[in-house]
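Here are my notes on the model, as numbered points. Please read them with the structure open.

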Amino acid sequence: MKTKFIFTLLIVALFFGGCNEENPLPKPKALLRLEYERPVMEVANTVHFTFKYNTTAVLKAKKSGTALSIRYPKMNASIFMNYKEINNDLDKLITDAHKLSLEHASRADGITPRPYVDPKNKVYGAFFEVRGDAASQAQFYATDSLKHFVTGSLYFEARPNYDSIYPAAVYIQNDMGRIMETLRWKD
């Protein structure tokens with residue numbers, strides 16, 4: 001009986017003495033911190049235009065000079081760019097560029113269009129940031145409104161999972177912005 005009393009007393013002492021935390025706090029959720037290299041820019045020279053691109057990417061141009069890809073091997077992503085000459089069809093080209101970005105609307109949580117205007121270099125266009133599990137995370141078009149029209153789209157070589165690709169998408173979207181800012185037409 002005495003042993004049973006000591007055992008019970010020991011259990012009660014452990015129960016009350018074992019919990020010293022007054023206000024237990026939940027542990028914060030951990031987030032993956034990815035850091036990418038600072039971009040080093042280099043000039044890409046195509047038949048119809050030039051622009052600066054990130055040298056961590058691999059630039060491949062088609063022989064026709066109207067299509068090229070900028071591949072980011074460490075991120076399994078690519079920017080695909082296409083050039084078209086304007087033949088009295090600027091409205092159609094702009095409409096098609098808007099439709100292309102809106103095709104992803106069903107899977108996207110949101111699409112944010114940002115107009116781009118550079119009258120000094122005659123570059124006008126729009127950049128579309130796509131949020132959510134869409135196939136393309138960003139798209140843009142640029143034109144001089146007379147002769148040249150360029151589109152660009154970002155694609156990852158993985159099933160779309162916005163939370164996982166977000167850091168890489170932001171990094172490459174910044175590169176796409178620099179492409180638009182440094183775009184120069186050849187006449």
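**Notes on the fold**

1. Start with the kink in α3. The helix bends by about 35°, and the bend is centred on Ala168. Keep in mind that this is a predicted model.

2. Now the span of α3. Its 21 residues reach 28 Å from the first C-alpha to the last. That is close to the 30 Å expected at 1.5 Å a residue.

3. Which residues of α3 are buried? They are Tyr162, Ile165, Ala168, Ala169, Tyr171, Ile172, Gln173, Asp175, Met176, Gly177, Ile179 and Met180. An α-helix has 3.6 residues a turn, so residues three or four places apart point the same way.

4. Next, the largest nonpolar core. It holds 32 residues. Phe49, Phe51, Ile70, Ile79, Met81 and Ile172 touch the most other members. At least two core residues come from each of β2 (49-54), β4, β5, β7 (123-132), β8 (136-143), β9 and α3 (162-182). The top contributor is α3, with eight residues. In soluble globular proteins, nonpolar side chains tend to be buried together.

5. Phe51 deserves a look of its own. Leaving aside neighbours within four places in sequence, Phe51 is in contact with Glu42, Val43, Ala44, Thr46, Leu59, Leu68, Ile70, Met81, Ile179, Thr182 and Leu183. Of these partners, Ile70 and Met81 are also among the core residues that touch the most other members. Another core, of eight residues, lies apart from the largest one. Its members include Ile86, Ala97, Tyr141 and Phe149.

6. On to the strands. β4 (residues 67-72) and β5 (residues 77-85) run antiparallel, joined by six bridges. Arg71 has Ser78 of β5 as its bridge partner. The two strands form a hairpin with four residues between them. Asn76, in the turn, has a positive phi of about 50°.

7. β5 also pairs with β9 (residues 148-156). This pairing is antiparallel too, and it runs over nine bridges. Met81 stands opposite Gly152 in β9.

8. Finally, the chain as a whole. It has three helices and 10 strands. From the N terminus on, the order is α-β-β-β-β-β-α-β-β-β-β-α-β. Of the 187 residues, 38% count as buried. Among contacts with a separation of 6 or more, 51% join residues 24 or more positions apart.

Methods. Residues are numbered from 1 along each chain as its sequence is written. This is a predicted model: local features need pLDDT of at least 70, side-chain atom pairs count only at pLDDT 80 or more; totals for chains, interfaces and linings use all residues. Side-chain values use heavy atoms; hydrogens and water are left out. Two strands pair if DSSP finds at least two bridges between them. A nonpolar core is a set of buried Ala, Val, Leu, Ile, Met, Phe, Trp, Tyr and Cys residues joined through side-chain atoms within 4.5 Å. Buried means under 20% relative accessible area, exposed over 50%, partly exposed in between (1.4 Å probe, protein chains only). Contact means heavy atoms within 4.5 Å. The expected span of a helix is 1.5 Å times one less than its number of residues. The bend at a residue is the angle between axes fitted to the seven residues ending there and the seven starting there.
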